[in-house]
Amino acid sequence: MAGTSHGHTPAAWTGVTISIIGFCIAGVFMVAANQPGFWGGIGVVLLGGVVGMAMRAMGLGKPKESAAMAEARAAAVRQQIENPDATQVRPEAPATGQPQAQTQTV
């Protein structure tokens, strides 16, 4: 996921942060046996989702992938599946057949 920047946007961070605060509020009031406080915390969780979607609609989220980019990624995956040896990195053998001397920096 890290390679796709999944969730690394202001909209995602804000929505998740508000939702986590709501879960904490709901958890405290659940232990305290206070139903209105618990449902208020659940409301904050839902508010986090709404805020995240609103920020995404304002352009602060990850843009949708174009059809051309999706097709290019699918073609690359197909190529890797059909020819897995072409994607492996192989170490190069020395041209002379003798081991190369290693230098050490002090």
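User: Let's start with one residue. Which residues does Thr9 touch, not counting residues up to four places away in sequence?

Analyst: One thing to keep in mind first: this is a predicted model. In it, Thr9 touches Leu60, Gly61 and Lys62, once residues up to four places away in sequence are set aside. Thr9 itself sits in the segment before helix H1, which runs over 10–31.

User: Is Thr9 buried or exposed?

Analyst: The cut-off for buried is under 20% relative accessible area. Thr9 has a relative accessible area of 13%, so Thr9 is buried.

User: What lies 3.2 Å from a polar atom of the side chain of Thr9?

Analyst: That's the backbone nitrogen of Ala12. Ala12 is found in helix H1, and with a relative accessible area of 25% it is partly exposed.

User: Okay, let's zoom out. How many helices and strands are there in the chain?

Analyst: The chain has 3 helices and 0 strands. Reading along the sequence, you get the pattern α-α-α. As for burial, 12% of the 106 residues of the chain count as buried.

User: How do I read the way two helices pack?

Analyst: Two packed helices are described by the angle between their axes and the distance between the axes. Here, take H1 and helix H2, which covers residues 35–60. Their axes come within 7 Å and cross at roughly 175°. An angle over 145 degrees counts as roughly antiparallel, and H1 and H2 are therefore roughly antiparallel to each other. Sorted by class, the contact of H1 with H2 has 16 nonpolar, 9 polar and 1 charged residues.

User: Which residues is Ser19 in contact with, leaving aside its neighbours within four places in sequence?

Analyst: Ser19 is in contact with Val45, Gly48 and Gly49. Ser19 has its place in helix H1, and at 15% relative accessibility Ser19 counts as buried.

User: Now the loop. What stands out about the phi of Ala33?

Analyst: Ala33 has a positive phi of about 60° although it is not a glycine. You'll find Ala33 in the loop between H1 and H2. At 67% relative accessibility, Ala33 counts as exposed.

User: Last topic: how do I read a pair of aromatic rings?

Analyst: A pair of aromatic rings is described by the distance of the centres and the angle of the planes. A search of the whole structure finds 1 aromatic pair. In that pair, the rings of Phe38 and Trp39 have their centres 5.0 Å apart and their planes at 75°.

User: Why is the pair of Phe38 and Trp39 edge-to-face?

Analyst: Planes over 60 degrees apart count as edge-to-face. The planes of Phe38 and Trp39 are at 75°, so the pair is edge-to-face.

User: What are the relative accessibility classes of Phe38 and Trp39?

Analyst: Phe38 counts as partly exposed, at 21% relative accessibility. Trp39 is exposed, with a relative accessible area of 56%. The cut-off for exposed is over 50%.

Methods. Residues numbered from 1 in each chain as written. Predicted model: local features only at pLDDT ≥ 70, side-chain atom pairs only at ≥ 80, totals over all residues. Heavy atoms only, no water. Helix = DSSP H or I, 4+ residues; strand = E, 2+ residues; numbered from the N terminus. Buried < 20%, exposed > 50% of the residue type's maximum accessible area, 1.4 Å probe, protein only. Polar contact = N/O pair within 3.5 Å; in protein donor to acceptor, adjacent residues only side chain to side chain. Contact = heavy atoms within 4.5 Å. Axes fitted to C-alpha atoms, helices over the stretch in contact; angles between N-to-C directions. Parallel < 35°, antiparallel > 145°, perpendicular 65-115°, else oblique. Nonpolar A, V, L, I, M, F, W, Y, C, P; charged D, E, K, R; others polar. Phe/Tyr/Trp six-rings, centres within 6.5 Å; stacked < 30°, edge-to-face > 60°.
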